[in-house]
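Thanks for coming. I have one structure to go through, and I will start with the chain as a whole before turning to single residues.

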Amino acid sequence: MAHYAWLDENNIVVNVTVGVDETELINGLDTETFYSQATGHNIKRTSYNHRIRKQYAGIGYKYDVDEDIFIAPQPYASWSLDSNFDWQAPTAKPDGRCYWDESTLSWIEIES
């Protein structure tokens, strides 16, 4: 059993489904090709254990064709992608429990 992400024309994930194992052929085609032809969507395999394409694709994730990875949606307008394609806040997260406050562009400590 494998999981497959359905992409729209902008390479945004619009659905994720379970399909046959990626090592199997369907009518002589690899699974991505078969599912793409059957659905009319570009289909890319995704993995819960992050073995391929960086991370498991969720709805709203973007598939980067050049890097062959899925990128999570930007969590806040002020955050930017780093060289590992992970979103980073403008300031480093401090130790301890806290949350990001976009209105002040700062981390807010959660008191115990």
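Among contacts in the protein chain between residues at least 6 apart in sequence, 33% join residues at least 24 apart, where contact means heavy atoms within 4.5 Å. This is a predicted model, so local features need pLDDT of at least 70 and side-chain atom pairs count only at pLDDT 80 or more, while totals for chains, interfaces and linings use all residues. Residues are numbered from 1 along each chain as its sequence is written, and side-chain values use heavy atoms, with hydrogens and water left out.

The protein chain has 1 helix and 9 strands. Both are DSSP runs numbered from the N terminus: helices are H or I with at least four residues, strands are E with at least two. From the N terminus on, the order is β-β-α-β-β-β-β-β-β-β. The radius of gyration is 18 Å, well over the 13 Å that the globule rule gives for 112 residues, so the chain is more spread out than a compact globule. That radius is taken over C-alpha atoms, and the rule is 2.2 Å times the number of residues to the power 0.38. Along the principal axes, the C-alpha trace spans about 55 × 30 × 20 Å.

How many of the 112 residues count as buried? The figure is 30%, with buried meaning under 20% relative accessible area, exposed over 50%, and partly exposed in between, using a 1.4 Å probe and protein chains only.

Now to single residues. Arg53 is found in the loop between β3 (42-46) and β4 (62-64). Is Arg53 buried or exposed? Arg53 is buried, at a relative accessible area of 13%. Its side chain makes a polar contact with the side chain of Asp68 at 2.7 Å. A polar contact here is a pair of N or O atoms within 3.5 Å; within protein, one must be able to donate a hydrogen and the other to accept it, and residues adjacent in sequence count only if both atoms are side-chain atoms. Leaving aside residues up to four places away in sequence, Arg53 touches Glu32, Lys44, Arg45, Tyr63, Asp68, Ile69 and Phe70.

Lys54 lies in the loop between β3 and β4. Lys54 is not a glycine, yet has a positive phi of about 70°. Its relative accessible area is 29%, partly exposed.

Leu105 is in the loop between β8 (98-101) and β9 (106-109). Phi of Leu105 is near 50°, a positive value in a residue other than glycine. Leu105 is partly exposed, at 44% relative accessible area.
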